[in-house]
Amino acid sequence: MGRRDEWLDLPADLTDDGVDRRDFVKVCMLAAAALGLPAATGVKWAEAAESGLKPSVIWLHFQECTGCTESLLRTSHPGLGTLILDMISLDYHETLFAAAGHQIEKCLHDAVEAGGYICVVEGAIPTKEDGIYCQIAGRTAIDILQDVGGKAAAVIAIGSCASWGGIPSADPNPTGAVGAQEILPDKTVINLPGCPSNPYNFLGVVLQFATMGTLPALDDEGRPLFAYGRTIHEHCPRRAHFDAGRFARQFGDEGHNLGYCLFAMGCKGPETYANCSTLHFNEVPDAWPIGIGAPCFGCTTKGVGFTKPLFQEAALPPNYVPPIHPSDQRGPITPGWAGVVGLATGAAVGGALMASKKLGEGETEGS
Amino acid sequence: MSMDRRTLLKGLAVAGAGAVAPVEASEKYAEAPEDAVGMLYDATRCIGCQACVTACKTANNLPGNRYNPPEDLSGDTKNIIRLYEDADESSYMKSQCMQCIDPGCANACMIGAFKKREYGIITWDPDRCIGCRYCQVACPYNIPKFQWDTGVPLIVKCELCNHIIHDPDTGTLREGALPGCCQACPKEAVIFGKYTDLIEDAKQRIAERPENYWGPDGEPKIFGLTDGGGTQVLYLADLNFEKLGLPTLGDEGTAKQAREIQHGIYRGFIAPVALYGVLGLVMWRNNRAAKKEEG
């Protein structure tokens, strides 16, 4: 991160005392730019942070691998330090907390009491056997989520596990793992599926809420439309190869080396709704599965990721294909019809001959 | 290959002789040649990506691409994927030359521009073609297309990428070479191979998943096995082939039917004798009448 900040002419650590307003606004503007938002939004974020309007965030971990947190740790616009110290108030996060035991539970309790916080859920919630498969401080994941999530100003489910069950819910789903929305049916849960979820999609939602107090427009599965409105296939950098019929057939073959379309190897891009193809991970160009030559696994889409076999071809979305018209077919030409047409033609020709003969005679008589 | 006067006259002489004493071509085209190659299109595997349409244009150096997709076979489209759709069923369908075992186009072509050649591939020779377009009328599948919009029009139809798969110097098939469409297909919905192997493959697919394929009376059907005298391009589908735009032909090729009519007329030289006999009679009568008037 340090090196990258040097390229961008930014101080290595914004938490140093030496950070001036100018640098801070610059970071916020970069973050806004990374999300495709106007620079003015970045200025608003900076202003919001400066005026002490840092939203409280409670981050709950359930059945998961912490991959979404790890991914978030590796963003640099803004870096995590900037994010949790200057932009949000991260009041509870099991991976990042220095404290432990009763101390941390007290923090959680206090933050919940204070209210107005954003509840971030990472991981699926086990429901079998009354949820005993995931317990923290003697409480089951269901209890914790109903308590913390129920009182939250906004609930964000980060990652596929929290969005719809993810890996823990894969067949045979021994713990009865479900997403956060199923535990909080009356609450609007913003789902940010992905394995891991792209940290910028998360930051975009959090910072929009922090700055403007609004939430992004969602689709019918609770996913922000700005990130999950289109399939990966629609903006895939390898799309031209798909359209031209240039496919990699197996890892390491000529087509694979040349960066051809991975569809024939089971790429799920055509049925996976996410913005991976336009927003790569952690500001590293091509840092996403298709970018490094691996077929998309469909991790963001329920019923695709962790469900369909990796190398099974994806279903294509409806596409324009010219129709077959029944009128394209030739009508039945029977010998009978051929005869009728022949007779009609013959009669016409004969009639014309006779007529012209008579005309000719008339002319001779007249002259 | 350009044609000089000598070749043309020779061709006409041969054609004339053929008309007088027909070689029984129907027997020659009763079965696919031993080395025949072809394609197998399985509509149940096709996903409608149309990669084959673009690949065909690339392979044959024809204008147009995926961003300006053709609607039908045309003067610059040799291969097309189209969709059949009604209330409860749908299927993609590929159209290109069927490489008939007994081709109507070659039968109708008066000058031999259409020929069934090595490996049973039907090719078209631009240097022979006189542009009569009888081939278009003779094809039961409505395949050969005429370039209406150019000054020097060509007949355009799939030649199974003969220029790619066939080495004219050695006369053999190029190792591993595939027609453009078969190269491109990501689902192996269309495959290229020896005709006999393709039939085996199709039969095996039917044996493995008979419920997936359509056939009259529930008996899965390979289109082209016998239809129209047999075609070297075979089809499998889960819908009635008529809905997919293929005609219902008997087991007899249209070329054979046409030959039977034509050859029937000339059988035993009866028709010319009768025609010239009648003409002679008319002339004799006219002459006699004229002489009487003079006399």
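Author: Two strands are said to pair if DSSP finds at least two bridges between them, and helices (H or I, at least four residues) and strands (E, at least two) are DSSP runs numbered from the N terminus. This is a predicted model, in which local features need pLDDT of at least 70, side-chain atom pairs count only at pLDDT 80 or more, and totals for chains, interfaces and linings use all residues. Residues are numbered from 1 along each chain as its sequence is written, chains are lettered from A and ligands numbered from 1 in the order in which they are written, and side-chain values use heavy atoms, with hydrogens and water left out.

One of the residue pairs here is B:Met39 with its bridge partner B:Phe192 in strand 10. The sheet to which these strands belong is open and has 3 strands, in the order 10-1-11 (chain B), with mixed pairing. Strand 10 (190-194) and strand 11 (233-236) of chain B each have a single partner strand and stand at the edges, so one side of each lacks a neighbour in the sheet. From one strand to the next, the twist averages 20°; axes are lines fitted to C-alpha atoms, for helices over the stretch in contact, and angles run from 0 to 180 degrees between N-to-C directions.

Helix 8 (residues 195-208) of chain B packs on this sheet and touches strand 1, strand 10 and strand 11 of chain B, contact meaning heavy atoms within 4.5 Å. The direction of helix 8 makes about 130° with that of strand 10 of chain B.
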